[in-house]
Amino acid sequence: LKGNAPLLLLSHRAASAERVPIPSLLAAGAVHQRLVRAKARAMTGLLVESGDAKEPHDFCTLLGFGADAVCPYGAYAAVAAFHGDADTTASKMMETYRKSAGKAILKVMSKIGICTVQSYRGAQIFEAVGLGPEVMELCFAGTPSRIAGADFAILQRDALSMHTHAWPAASDPEEVALPNPGDYHFRQNGEAHYNDPRGMAELQVAARTGGSAAYEAYVQTQVAASRAASIRGLLDFRSDVPPVPLDEVEAAKEIVKRFCTGAMSLGSISPETHESLAVAMNQLGGKSNTGEGGEDPRRFADSRRSSIKQVASGRFGVTSDYLTNADEIQIKMAQGAKPGEGGELPGYKVTDLIAKTRGTTPGVGLISPPPHHDIYSIEDLAQLIHDLKSANRAARVSVKLVSEVGVGVVAAGVAKAKADHIVISGGDGGTGAAAWTGIKHAGLPWELGLAEAHQTLVLNRLRSRIVLQSDGQLKTGRDVTIAALLGAEEFGFATTPLIALGCIMMRKCHLNTCPVGIATQDPELRAKFAGKPEHVINFFFHLAEEVRGHMASMGFRSIEEMVGRADMLRVDDAHLNEKTKLLDFGPILTPAASLAPGEPQINTMGQDHFSREATGLDSILDLDLVEAAAPALESATPVSIERPLNNLNRAVGAILSNEVSKRYGGAGLPDGTINVLLRGHTGQSFGFSLAKGVRLEVQGDANDGCGKGLSGGQIVVYPGAELLEQGFVAEENVIVGNVACYGATGGSVFFRGIAGERFCVRNSGAIAVVEGIGDHGCEYMTGGRVVCLGSTGINFGAGMSGGIAYMLDADGSFASRCNTEMVSLDRVDSPADEAELRGYLESHIEHTGSPVAAALLADWSGSVGKFVKVFPHDYKRVLRERAAAEAEGGPAAAAVAASG
């Protein structure tokens with residue numbers, strides 16, 4: 001730098017049989033940190049010419065720890081030497097590799113919410129697992145590494161070992177070939193995997209026969225795998241305490257009630273698999289989870305009903321009836337195995353049943369937006385918790401969090417936001433259909449997050465309000481016992497029950513070709529499904545009996561006595577190696593009771609959701625509406641109600657809709673049965689999950705979240721007469737806040753005025769008429785209709801795969817504000833489209849008296865040409881294919897319908 005070098009180049013090119021290369025990440029991190037400390041980092045660029053960087057994570061860490069650019073010459077050489085198709089050139093393969101790597105980096109950046117490489121570079125948005133303070137301070141200062149680990153001596157031995165593979169002494173070509181490490185698929189003597197062929201076979205024998213010997217063999221295999229691949233595998237139970245007789249320990253039939261199956265959606269797995277899990281858990285008294293794909297309403301009233309109804313960012317199938325039929329409603333903030341990403345379902349897995357359940361179009365692929373668009377702060381999360389609790393006061397509301405550094409503080413905030421239940425989700429398992437970039441090197445062990453969350457909740461005197469659950473490759477009773485000792489009261493399982501049902505880990509989930517009928521929607525492959533609920537039941541009873549044995553050996557008679565007793569764990573010195581001996585388990589094994597003596601270690605009380613202290617209200621408007629609507633609820637007799645309104649009343653209509661759904665199910669009441677006229681200003685989430693037959697009319701304005709989850713009801717908002725008489729121009733003012741109609745599944749809204757940002761995100765069936773919207777309108781929309789009679793913000797229609805929007809484009813500028821990646825902009829020139837649009841304008845006038853709509857209809861021949869029809873490509877394709885099949889008739893039409 002003293003010579004004013006504009007660039008510094010770190011290169012592996014000089015590596016040879018006599019020179020061992022330093023891992024590029026260590027070198028780049030050390031140089032970057034040294035330049036930062038010398039306040040000279042901005043004076044030069046840092047380039048890395050790397051022989052070891054080959055995968056997206058390698059590039060992301062190099063950039064994240066300070067490199068300005070990377071030349072992966074070793075990967076380039078491997079790509080150029082690839083012997084693929086005869087017509088595939090090296091230059092084409094290189095172009096594909098670079099493009100793929102670039103897309104992967106962007107994907108990783110997007111998961112953390114960073115838009116530019118400049119912001120990502122040097123940001124160090126990582127957590128290390130298993131690196132000691134010597135390495136962290138020199139190369140990665142500022143990055144957390146909670147359990148310490150390897151020093152430079154250990155890393156040197158690894159480098160020498162790899163160097164031996166690169167320059168072997170042997171001349172035999174068989175010995176020269178590089179070994180397959182088995183990072184992505186199980187390989188004998190390769191990378192340790194939780195699920196190997198032997199363990200899966202032993203589990204399936206135990207599950208199908210109920211044999212104890214097979215289960216014990218499975219446990220031995222899994223314990224060995226756990227020691228090689230997990231933190232908990234390096235722990236053991238204390239043996240210096242007096243045991244209790246096994247017959248004094250809590251019964252297995254009570255322990256299994258604490259078990260839950262994971263959030264695997266209908267669509268990602270077959271209906272047969274989804275229903276088998278539900279039947280099994282209902283027989284056990286535990287809970288199954290719908291996942292984010294909703295649930296067929298026909299299952300609500302029988303043994304196939306899932307107790308846990310998940311609410312994810314996509315809001316697929318989230319209706320008032322869906323929420324009403326839940327014992328627990330789970331807000332999926334993120335998924336432990338792929339934090340920062342939403343779920344994805346390819347079009348060939350979206351059958352008629354899946355599309356109907358999710359409110360989408362058969363054959364059109366689906367993606368969940370990574371964030372919940374109504375949650376940008378802990379206050380927003382508290383609002384959604386209140387919304388869901390209002391939609392079903394009998395259900396507990398759960399929040400699913402990812403195991404990561406700082407999750408304890410987040411969990412404390414969630415507890416204060418009035419959640420009843422928290423899941424700490426580990427980084428292992430699940431997501432069989434996800435891209436490798438999404439799940440490798442993402443998420444962290446649940447042991448870290450669970451211990452931190454439990455300790456923080458106890459320390460802040462919040463643990464008594466919360467039921468704490470953990471999940472992430474729990475496979476044995478030993479795993480469950482360790483989770484309980486670290487603070488969990490309930491336990492989630494996903495991969496293991498699927499293996500019990502027959503999964504053989506082919507990792508073809510995304511291709512719809514699962515050979516055992518589990519992760520497929522193909523009818524022929526589904527017919528091969530041989531799993532039974534009894535297989536899952538047998539496995540869980542085996543596991544519960546194993547837990548009982550561990551409890552007896554430590555002197556515990558109940559799960560509740562065991563929760564949080566981290567003092568009963570010790571490091572298993574006999575199974576440590578030269579690397580694991582350097583780990584510091586102190587942060588995990590610190591008993592929470594020592595941080596706040598006398599504080600409860602388990603849930604002992606419920607949250608206060610609806611008292612005057614909780615709401616600030618002497619009476620809740622929704623309860624008043626339920627009482628006034630009694631004739632309609634009891635006998636479908638039409639009623640009209642008028643009330644004043646202020647913005648302290650939140651989620652108005654949710655409790656009323658819950659009462660409608662309890663009595664009439666998803667069909668609701670006839671339109672207009674319950675008419676409510678309100679005057680004033682609404683609170684947040686007005687009309688949340690409003691059921692069919694309920695009409696809410698507001699003379700005033702509406703806050704954020706109006707019409708979220710609309711479930712067939714109708715909402716009308718317009719300015720009061722007094723305001724209009726004073727010259728208020730509705731079409732020039734915002735009358736409805738942000739995220740209106742987010743996740744709406746049916747019904748209609750008419751807003752005389754402008755709506756805020758993210759209007760109708762993930763709308764899947766509602767009709768919405770508005771007189772202007774902000775940015776990001778109709779993102780991820782999959783169904784329904786939207787009519788906008790005014791200006792539009794930027795990025796309209798991003799991710800829109802279904803439904804249609806009619807946009808007034810008076811000045812011809814709409815195209816510049818529309819994201820056309822997935823939609824086309826067409827003219828409204830067919831008689832059917834014209835009639836449909838005209839009908840919406842007439843309804844808008846009828847409900848709101850809109851002069852804007854009236855003026856457009858008065859000059860209809862001149863107005864209709866100013867509208868643009870936003871038509872998603874995939875939706876258009878499916879409609880075209882269906883029309884062609886119907887024209888041909890017979891088997892062809894049936895085939896298209898069957899394939900979605």
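**Pockets, cavities and selected helices of the predicted model**

Helix H14 contributes five residues to the lining of the second largest pocket, the most of any element. The structure is a predicted model. This pocket has a volume of about 470 Å³. Its lining comprises 27 residues, and those closest to the centre are Pro297, Thr319, Lys356, Thr357 and Gly666. Two or more lining residues come from each of helix H13 (320-324), helix H14 (352-358) and strand E21 (711-718). By class, the lining of the second largest pocket holds 14 polar, eight charged and five nonpolar residues.

Confidence was examined next. The chain has a mean pLDDT of 92. A pLDDT of 70 or more is reached by 96% of its residues. Residues 891-900 fall below 50. Beyond near neighbours in sequence, that stretch has ten contacts in the model. Where pLDDT is low, the predicted coordinates should not be read in detail.

The largest cavity holds about 100 Å³ of space. It is lined by 14 residues, with His386, Leu617, Ile620, Asn649 and Arg650 closest to its centre. Helix H15 (378-391) and helix H27 (621-628) are the elements that each give two or more residues to this lining. Eight residues of the lining of the largest cavity are nonpolar, four are polar and two are charged.

The second largest cavity holds about 60 Å³. Its lining is formed by Cys260, Thr261, Gly262, Ala263, Asn289, Ile308, Gln330, Lys400, Val423, Gln469 and Asp471. Strand E7 (259-263) and strand E15 (467-471) each supply two or more of these residues. Strand E7 gives the most, with four. The lining of the second largest cavity divides into five polar, four nonpolar and two charged residues.

Glu292 lies in the loop between strand E8 (287-289) and strand E9 (308-311). Glu292 counts as buried because its relative accessibility is 10%, under the 20% cut-off. Leaving aside neighbours within four places in sequence, Glu292 is in contact with Ser265, Gln310, Ala312, Phe316, Lys332, Gly343 and Ser368. Glu292 and Arg358 are 66 residues apart in sequence. Their C-alpha atoms are 9.1 Å apart in space. The range of helix H14, 352-358, takes in position 358.

Helix H19 (residues 477-485) is largely enclosed by the rest of the structure, because nine of its nine residues are buried. These are Gly477, Arg478, Asp479, Val480, Thr481, Ile482, Ala483, Ala484 and Leu485. Just after H19, Gly487 takes a positive phi of about 130°.

Asp479 of H19 is also a contact of Ser226. Ser226 is found in helix H10 (residues 212-229). At 5% relative accessibility, Ser226 counts as buried. Apart from neighbours within four places in sequence, the contacts of Ser226 are Arg232, Gly233 and Asp479.

Helix H1 (residues 24-37) has 14 residues. The helix reaches 20 Å from its first C-alpha to its last, close to the 20 Å expected at 1.5 Å a residue. Buried positions in H1 are Ser24, Leu26, Ala28, Gly29, His32, Gln33 and Leu35. The cover over these buried residues includes two strands, E1 (7-11) and E2 (45-49). It also includes helix H2 (56-64), helix H6 (133-139) and helix H7 (152-166). Just after H1, Lys39 takes a positive phi of about 55°.

Arg98 is found in helix H4 (residues 90-112). With 44% relative accessibility, Arg98 counts as partly exposed. Arg98 and Tyr76 are 22 residues apart in sequence. From C-alpha to C-alpha, Arg98 and Tyr76 are 9.2 Å apart in space.

Methods: Residues numbered from 1 in each chain as written. Predicted model: local features only at pLDDT ≥ 70, side-chain atom pairs only at ≥ 80, totals over all residues. Heavy atoms only, no water. Buried < 20%, exposed > 50% of the residue type's maximum accessible area, 1.4 Å probe, protein only. Contact = heavy atoms within 4.5 Å. Expected span 1.5 Å × (residues − 1). pLDDT = per-residue confidence, 0-100. 1 Å grid on protein atoms, 1.4 Å probe; cavity = no way out; pocket = protein on both sides within 12 Å on 5 of 7 lines; lining within 4 Å. Points joined across faces, edges and corners; volume = space filled by probe spheres on them. Nonpolar A, V, L, I, M, F, W, Y, C, P; charged D, E, K, R; others polar.
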